[in-house]
Amino acid sequence: MEKARPLWANPLQFVFACISYAVGLGNVWRFPYLCQMYGGGSFLVPYVIMLIVEGMPLLYLELAVGQRMRQGSIGAWRTISPYLGGVGLASVVVSFFLSTYYNIINAWAFWYLFHSFQEPLPWAVCPLNDNRTGYDEECEKASSTQYFWYRKTLNISPSIQDSGRVQWEPALCLILAWLVVYLCILRGTETTGKLEQLANPKAWINAATQIFFSLGLGFGSLIAFASYNEPSNNCQKHAVIVSLINSSTSIFASIVTFSIYGFKATFNYESCLDKVILLLTNSFDLEDGFLTASNLEQVKGYLASAFPDKYSEVLPQMKNCSLQSELATAVQGTGLSFIVYTEAIKNMEVSQLWSVLYFFMLLMLGIGSMLGNTAAILTPLTDSKVISSHLPKEAISGLVCLVNCVIGLVFTMESGNYWFDIFNDYAATLSLLLIVLVETVAVCYVYGLRRFEGDLKAMTGCTLSWYWKAMWAGVSPLLIVSLFLFYLSDYILTGTLQYQAWDAAQGQLVTKDYPPYALAVIGLLVAASIMCIPLVALGTFVRRCLKRGDTPPVA
Amino acid sequence: MLAYAMRRYLVQETTQISNVLLCNVTSRVSFWFVVTNSFTNMTTIPRNDVEAAIRMNRNRINNAFLLTDDTLQFLEISSTLAPPAEQPRPTWLIVFGVILGIIVIGIVLVVSFGIYHRKRYKNAEKTEDLDDKYEAAITMENRIPCHTLDLKAGQINGVYAAADDDRFTPL
């Protein structure tokens with residue numbers, strides 16, 4: 001008696017699962033940064049074009065493959081061609097890397113969430129120094145939010161070489177995050193449906209990359225989700241819906257982020273002016289209230305001419321306050337979420353409420369994406385009869401979560417954030433491009449576009465329009481190849497890779513070179529997933545040759 | 001104010017306002033001052049003593065002017081900052097504990113329900129398998145076990161035996 005494959009309760013659940021997977025932290029912290037760097041609203045032009053030309057077709061392709069083959073990524077690609085099982089394996093490897101480091105973000109979000117129930121918020125004030133005569137030095141040089149992030153949350157070491165110990169507080173939060181993920185994946189397919197990544201060629205490349213990674217192509221998660229669909233499900237409609245919702249969420253998130261930037265920039269600019277006014281008033285014994293923001297420049301000019309010696313003494317301490325420079329501080333990634341946003345929140349009324357709401361939202365986004373990642377790993381494992389006959393589904397899920405949690409403890413060490421940046425920048429980027437390229441070529445040319453078209457028609461009943469066929473067969477692969485070549489040449493030309501390290505003495509980030517073993521880890525990360533494809537193909541070929549050699553030809 | 005502060009510090013009742021000498025008064029309400037020894041009007045009290053006196057009575061001085069440490073500044077006398085509100089125990093651990101408890105209970109419930117569900121399903125499967133095996137062991141003919149057909153008396157058709165006579169139309 002064959003056990004029926006579990007199905008989504010209704011198509012809406014599937015759509016919500018895809019949306020929750022695709023809409024992740026990248027929509028909140030990567031897209032607004034890209035918008036800011038590449039011309040604001042005009043970035044939307046390459047973004048939308050890439051969405052139509054690359055995002056939607058590839059999303060539809062992955063969903064269609066999953067729905068047609070009704071298996072996780074490894075099984076699906078092996079069905080298309082026995083030599084291509086490596087593609088699925090590469091997807092699983094990349095998903096594994098991703099799930100290892102992604103959940104630490106949820107751990108940090110939990111940490112901030114738990115600390116939001118205090119008055120005042122712990123990142124709003126600097127702690128005092130030892131003799132209680134002033135604030136802590138590191139906090140003074142940086143800001144209270146940066147101090148809380150780098151010292152209290154990460155307890156970051158000065159460089160990647162100084163590993164330090166595992167910090168128990170973030171480790172606890174990481175364990176909690178994994179328990180939450182485990183609880184959600186236990187209930188299987190029912191749970192994941194709930195709500196939540198220009199003339200300048202770089203603008204186009206970044207738009208393409210953003211669409212690519214924001215939709216989560218190539219991880220095998222979409223194939224996994226779609227494999228639980230009814231064969232007659234209209235995945236074309238769903239592909240369009242999911243990609244549109246993902247993009248509109250990104251755009252909405254940037255609107256919010258830009259208003260937060262504006263608020264923070266104005267606030268900081270005004271504080272800076274106040275500091276300069278106080279400094280000048282003290283140095284020149286001016287009357288209180290004499291210096292204001294409007295007459296500051298005039299008075300400065302007057303003081304410079306009237307008391308040149310004293311003015312030149314004071315000059316180095318005076319910061320040049322500029323609203324433009326405050327606005328130009330574009331930050332992405334963890335810096336945006338945990339420093340810039342918390343700085344804005346601490347200045348709002350009822351800051352505890354906003355803080356709780358904000359980190360709860362981050363958690364929802366993060367856990368939604370985590371569920372997709374773990375589904376990408378678990379579906380091939382539970383599909384494989386070897387493993388699922390020995391262990392029940394709960395044990396497999398628990399084992400995967402445990403292994404990932406233990407490896408994730410590396411990121412709770414003092415140098416953890418530097419390793420996190422390595423994984424974030426290199427674990428998924430090149431490998432995914434190659435994986436999706438092989439996927440597209442496999443479906444179009446190895447399996448055959450006409451055959452796939454016939455399958456889809458038999459399954460869903462609707463014909464494939466010429467648009468999808470043109471994209472799959474021609475445009476999207478070309479685009480991916482050019483992206484791949486660009487990134488490769490960029491890595492080669494830049495020479496040695498560098499990273500930003502936090503200098504406690506100066507209270508700011510400094511650039512350092514990666515040590516050789518870190519470079520080796522980067523190379524391993526990229527190679528581990530890419531090499532799966534040729535190695536598995538080779539292995540299958542060898543096995544087939546041996547089999548053909550063993551069995552004598554039938555008379 | 002300053003005279004009062006010196007009095008308190010030196011435990012001498014003799015320092016008067018006239019012992020505090022001001023100079024360099026600016027329009028910004030800032031000035032230099034020295035405190036002379038009340039006994040010998042010529043010598044001044046050393047700086048450290050004056051500093052210590054001011055530190056001790058800073059609060060009172062501030063209150064007299066309705067000012068705070070931020071608005072009334074004594075140059076090079078850094079104020080002792082009030083410590084930020086210290087929580088008796090880390091609040092975050094409490095919230096963490098609550099959430100952790102909920103999640104663990106949830107996991108235990110879901111896992112045990114899953115195991116219970118699977119056991120029931122397995123039992124139902126087992127009984128079905130047993131039925132199949134039972135049927136396979138006994139030779140069948142038309143779903144009637146063969147050994148019952150060996151009765152010399154023949155097979156009694158249960159329909160007529162069990163039937164109520166009223167069911168059949170009486171002749």
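Predicted model: local features only at pLDDT ≥ 70, side-chain atom pairs only at ≥ 80, totals over all residues.
If you number the bonded cysteines of chain A in sequence order, they pair 1-2, 3-4. Over all chains the count is two disulfides.

Take the pair A:Cys126 and A:Cys139. Their sulfur atoms are 1.8 Å apart, and they form a disulfide. The torsion about that S-S bond is about -85 degrees, so this disulfide is left-handed. As for where the two ends sit, A:Cys126 is in the loop between α6 and α7 of chain A, while A:Cys139 is in helix α7 of chain A, and the two are 13 residues apart. Are these cysteines buried or exposed? A:Cys126 is buried, with a relative accessible area of 14%. A:Cys139 is buried too, at 2%.

Now the other disulfide, between A:Cys272 and A:Cys321. Here the sulfur atoms are 1.8 Å apart. The torsion about the S-S bond is -85 degrees, and the link is left-handed.

A:Cys405 is in no disulfide, and the nearest cysteine sulfur, that of A:Cys401, is 8.5 Å away. A:Cys405 counts as buried, at 10% relative accessibility. A:Cys532 is buried as well, with a relative accessible area of 11%.

Next, the aromatic rings. A search of the whole structure finds 47 aromatic pairs over all chains. I will show one of them, A:Phe114 with B:Phe96. The ring centres are 5.8 Å apart and the planes are at 75 degrees, so the pair is edge-to-face. A:Phe114 lies in helix α6 of chain A, residues 85-114, and B:Phe96 lies in helix α4 of chain B, residues 91-137, so this pair joins two chains. A:Phe114 is buried, with a relative accessible area of 0%. B:Phe96 counts as buried at 6%.

Staying with rings, there is a charge over one in chain A. A:Arg451 lies over the face of A:Tyr447, at 4.1 Å from the ring centre.

Last, a helix in chain B. This is α3, residues 58-65, and its buried residues are B:Arg58, B:Ile61 and B:Asn62. Why do they line one face of the helix? Seen down the axis of α3(B), the buried residues fall within an arc of 100 degrees, so they line one face. On the face turned away from the buried side, α3(B) carries the exposed residues B:Asn59 and B:Asn63. Just after the helix comes B:Leu66, which takes a positive phi of about 55 degrees.

Terms used:
Residues numbered from 1 in each chain as written. Chains lettered and ligands numbered in written order. Heavy atoms only, no water. Buried < 20%, exposed > 50% of the residue type's maximum accessible area, 1.4 Å probe, protein only. Helix = DSSP H or I, 4+ residues; strand = E, 2+ residues; numbered from the N terminus. Arc of directions from axis to C-beta. Phe/Tyr/Trp six-rings, centres within 6.5 Å; stacked < 30°, edge-to-face > 60°. Lys NZ or Arg CZ within 6 Å of the ring centre and 35° of its normal. Disulfide = S-S within 2.5 Å.
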